[in-house]
Amino acid sequence: MADPTNHNQAGEVAPNTADKQVPTTDSPEATDIPTANAPDPKAANPEDNPNAAKPPKREKPAAAVGEKPAADATEEKPAAAKAAKKEKAPSVEDKPFVQFIEQDYLPALQKAIAQKGVQDLQVSFAKQKVPITGFESAEECWQIIGSWSEIGQRQFNLYFPEEDIQGKKGFSCNEGKKPSTLESFLIDERRITLDLLVFGLVQRLDGQKWLGRN
């Protein structure tokens, strides 16, 4: 009967060939060595090699809760231009005192009184003594002197002792005689304007019954 074990002619057991087979794999082992077909992604320029690793994008830091985003510089320029346009031009009342009286007040006053029917009004602007009894020792002050002789000799004086239309003002009037009373003028107004200064004097003369058909 034959021995199931395989023996060679010399009676030795044949080695098992399965023990000497070297295991193989179908997939190559990955290495860091660059090949001719695949350049090193770390060394390649991202602009020249589409396979190169791209640096991560930097994200803008998120604004904190309740914090307003920074204003764009392009938005600041229009805002500054609008602010410049909103600045008001200086008014006639902001002119120097003498310049305002000569250039704006006297022409407006003459026109307003002429519209009331006074044809021969003479108006002057001078710095002189107050022509009222008891004020002989007072200093000179700027005055507007108006006169006409339609019915007798009528004269009024408007006084500016502080050389400021917003300051104290006085008024006096007479018909051929020296005035005896100095009145306060527009003392209850907070802000004196050209129109108010004209209207106040015309109203005072009208109250004296010097204008129109009076």
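Buried means under 20% relative accessible area, exposed over 50%, partly exposed in between (1.4 Å probe, protein chains only).

The model is predicted, so I kept its limits in mind: local features need pLDDT of at least 70, side-chain atom pairs count only at pLDDT 80 or more, and totals for chains, interfaces and linings use all residues. Residues are numbered from 1 along each chain as its sequence is written, and side-chain values use heavy atoms, with hydrogens and water left out.

Next I checked helix α2. Helices (H or I, at least four residues) and strands (E, at least two) are DSSP runs, numbered from the N terminus. α2 covers residues 97-114 and bends by about 40° at Tyr105. I read the bend as the angle between axes fitted to the seven residues ending there and the seven starting there. Pro107 follows within four residues. Among the buried residues of α2 are Phe97, Ile101, Asp104 and Tyr105. The buried residues of α2 pack against β1 (122-128), β2 (141-148), β3 (154-160) and α3 (194-207).

Leaving aside neighbours within four places in sequence, Ile144 is in contact (heavy atoms within 4.5 Å) with residues including Ile101, Tyr105, Leu109, Phe125 and Phe156.

The sheet came next. It is open, has five strands in the order β1-β2-β3-β4-β5, and pairs antiparallel. β1 and β5 (183-184) are at the edges with a single partner strand each, so one side of each is left without a neighbour in the sheet. Two strands pair if DSSP finds at least two bridges between them. Seven bridges join β2 to β3. Gln143 has Tyr159 in β3 as its bridge partner.

The side chain of Arg154 makes a polar contact with the side chain of Glu175 (3.5 Å). A polar contact is a pair of N or O atoms within 3.5 Å; within protein, one must be able to donate a hydrogen and the other to accept it, and residues adjacent in sequence count only if both atoms are side-chain atoms. The Arg154 side chain also reaches the backbone oxygen of Trp210 at 3.2 Å.

Definitions and conventions. Expected span 1.5 Å × (residues − 1).
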